[in-house]
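User: Please show me the model. I would like to learn how to read its features, one at a time.

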Amino acid sequence: MLHINNLKVSVNEKTILNGIDLHVNPGEVHAIMGPNGSGKSTLANVLAGREDYEIEGGSIFFDGKDLLEMEVDERAHAGIFLAFQYPVEIPGVSNATFLKSIVNAVRKANDQPELNAPQLLKLLREKIDLLGMDQKLLQRSLNEGFSGGEKKRNEMLQMALLEPRLGILDETDSGLDIDALRIVADAVNQLRSPERSFIVVTHYQRLLNYIVPDVVHVLYNGRIVKSGDKSLALLLEEKGYDWVKEEANAIAQ
Amino acid sequence: MSDSMQTLEAHTRSDYKYGFTSDIETETIPKGLSEDVVRLISQKKNEPEWLTEWRLKAYRHWLTMTEPVWPNVHYPAIDYQDIIYYAAPKPKKELSSLDEVDPELLRTFEKLGIPLDEQKLLAGVAVDAVIDSVSVKTTYKEKLAELGIIFCSFSEAVKEHPELVRQYLGSVVPATDNYFAALNSAVFSDGSFVYIPKGVRCPMELSTYFRINERNTGQFERTLIVAEEGSYVSYLEGCTAPMRDENQLHAAVVELVSMDRASIKYSTVQNWYPGDKNGVGGIYNFVTKRGLCAGYQSKISWTQVETGSSITWKYPSCILKGDESVGEFYSVAVTNNYQQADTGTKMIHLGKNTKSTIISKGISAGFSNNSYRGLVKIGKKATNAHNFSQCDSLLMGDKCGAHTFPYLEVENSTAKVEHEATTSKIGEDQLFYLQQRGLSEEDAINMIVNGYCKEVFNELPMEFAVEAQKLLAISLEGSVG
């Protein structure tokens, strides 16, 4: 489904990703772990099409399409969803208006009939109940004054509404207490299906207790230096990142 | 929202869609301004002697004045002898039914989305249409007359209700008030007149649609609205002009008078031709708008959405004379490309316990300059006056400018005056967020901008709010990219 080959990315002439190879099959959950500054968030943002990055080389194919040739919104239409680490606030735009607009924008782009107001409302209620969210969040301005937990829940709501092919969680767990963490994990687990894949970017193993990954990758200095099953995450939790760094440095020399 | 997003989308792909010209036979007088021209205009309109004199007095005073240079706008000197001061669609005969109106004229208004055919009108909106200088048709007049409401062209009011016109004309904006008001007073050709009798709540929105069609003409219309004790009226004003590569002058005067417990709500969606991408052409919109809250607990509320004109220079103001009177100003001013706007309000508190609110939202894009200029004055006798001002500026790109010039004069220590101001840039983070959810760049911009303007749009009547959203979309098209 997703094939990243030898991806090299820089920002302001500084190399951040230095030859990433990653292959995600339908239904799989991949965790990307790594120390701070290893390039985890860059990878997530490059997949979504953020402009601040210079693609120096390599390729990304998603369902056979050349992702690097696609605009941000086209990628969203194709089924890529990025749950943001810091969701932005947009004053004056009601959350409900925003959610309805994005549902229809994606439907329209995929030649599906747009939903009318009652259908949208029904869908919204359904997903909100699924996530155990408060209906009141709909009436407020998009993310404005939301607590950290509310923002992340709202991200999950958007993901549930858009039903993407690939959900990318960029450190969604940062700053969340254990209850909020569970809600995020529950949302992801509910959406897991044989057709849908996830990339979970996280610094800590904690989230992976709830979202059990099929594969764990360790990113260091812009490369995936180690991959394994979920036990790798536990090992990192126990021993920290230093041993991975040492191994990687040894190989590099 | 999906519906309005669709409309927005449709409109973002279009250029200035009102830029057509209509092939209407027009009677114009030669270019230039003199006492003779002023007399000629007055004569063409069969005006009474007092009005001719009033015009001449204004003209003579205008000759002694100089064009103001304090606004934060720049333009080449205007040659006032190179303007046609009177243009009217032919034939200029009394029109009693729609059948007698030039079909081309009706097509023009239909193209603008304003069917004058009463059957086709949206229920609840009465329209007075002014093309170039002359009022063409007022709808629903009879129905309103049953309530004693007068809604007609200014010329007609001069003929039919001379006592009212004479009493109130120039009572809020004196003929000598400022350079452009004096010019308007000398040469104004038509406009709208509204009179709401005591205790009457006007059952429909009253609307005037202004259209400049003829080349080289200026448009100088006057609007006068009088709301008697305990009455209410909501008035809408819309304007467009063809695309032309020379600048055209629009210098209007609007006077509002609100008596005891009366309330006037005045909404404008100003979409005069803004000029092209390089700043060539467009309307100079130099307008004086002022309301007098004459009575106890009277209220005047201005809402404006300014997207058009190459230069906008206007300060819809309230004189809060009556005790406990209320003045409001809600404004969205958008400038793109090389447009310039210097706009704001004046709230003059004279009565006790008077209250004013100013919400101004400026949006600058391209190479444009957008200034808010506002005065809050609390007079000696205005005890417990209260003002709240909020002036926000939104910048799109890094070649535009936003400026704020708040003036405050407080002569009474009991006054409570609050001022908040913010300047922000449309964030790439916001755009990326919305696009990542599947919105196109333009829809994303529209959503952010509409959110930013929401407080003002909420003040507009429903159908105008939709229009305003569309206009914003068109005005900001291609401003980020």
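**Buried, bridged and turned**

Analyst: Lys289(B) has a relative accessible area of 4%, so this residue counts as buried. Buried means under 20% relative accessible area, exposed means over 50%, and partly exposed is in between, with a 1.4 Å probe and protein chains only. Residues are numbered from 1 along each chain as its sequence is written, while chains are lettered from A and ligands numbered from 1 in the order in which they are written. The model is predicted, so local features need pLDDT of at least 70, side-chain atom pairs count only at pLDDT 80 or more, and totals for chains, interfaces and linings use all residues; side-chain values use heavy atoms, without hydrogens and water.

User: Which residue meets the side chain of Lys289(B) in a salt bridge?

Analyst: A salt bridge is a side-chain nitrogen of Lys or Arg within 4 Å of a carboxyl oxygen of Asp or Glu. For Lys289(B) the partner is Glu237(B), at 2.9 Å from N to O. Glu237(B) lies in strand E9 (residues 232-240) and Lys289(B) in strand E13 (residues 282-293) of chain B, so the bridge ties together parts 52 residues apart in sequence. Glu237(B) is buried as well, at 5%. Helices (H or I, at least four residues) and strands (E, at least two) are DSSP runs, numbered from the N terminus.

User: How many salt bridges are there over all chains?

Analyst: The search of the whole structure finds 27. One of them joins Arg165(A) to Asp63(A), with the closest N and O atoms 2.7 Å apart. Arg165(A) is in the loop between helix H5 (148-162) and strand E9 (166-170) of chain A, and Asp63(A) in the loop between strand E4 (54-62) and strand E5 (65-66), so that pair links distant parts of the chain, 102 residues apart. Arg165(A) is partly exposed at 28%, and Asp63(A) is partly exposed at 36%.

User: How far apart in sequence are Asp214(A) and Arg192(A)?

Analyst: Their side chains meet in a salt bridge of 3.7 Å, N to O. They are 22 residues apart in sequence: Asp214(A) lies in the loop between strand E10 (197-201) and strand E11 (215-220) of chain A, Arg192(A) in the loop between helix H6 (178-191) and E10. Asp214(A) is partly exposed at 38% relative accessibility.

User: Is helix H9 of chain B largely enclosed or open?

Analyst: H9(B) is largely enclosed by the rest of the structure, because 7 of its 9 residues are buried. Among them are Leu431(B), Phe432(B) and Tyr433(B). Glu428(B) belongs to this helix (residues 428-436), yet it counts as exposed at 58% relative accessibility. After the helix comes Gly438(B), whose phi is positive, near 105°.

User: What does Val9(A) touch?

Analyst: Contact means heavy atoms within 4.5 Å. Not counting residues up to four places away in sequence, Val9(A) touches several residues, including Leu17(A), Val46(A) and Ile55(A). Val9(A) is in strand E1 (residues 2-11) of chain A and is buried, at 0% relative accessibility.

User: How many helices and strands does chain B have?

Analyst: Chain B has 12 helices and 23 strands. Of its 481 residues, 64% count as buried.
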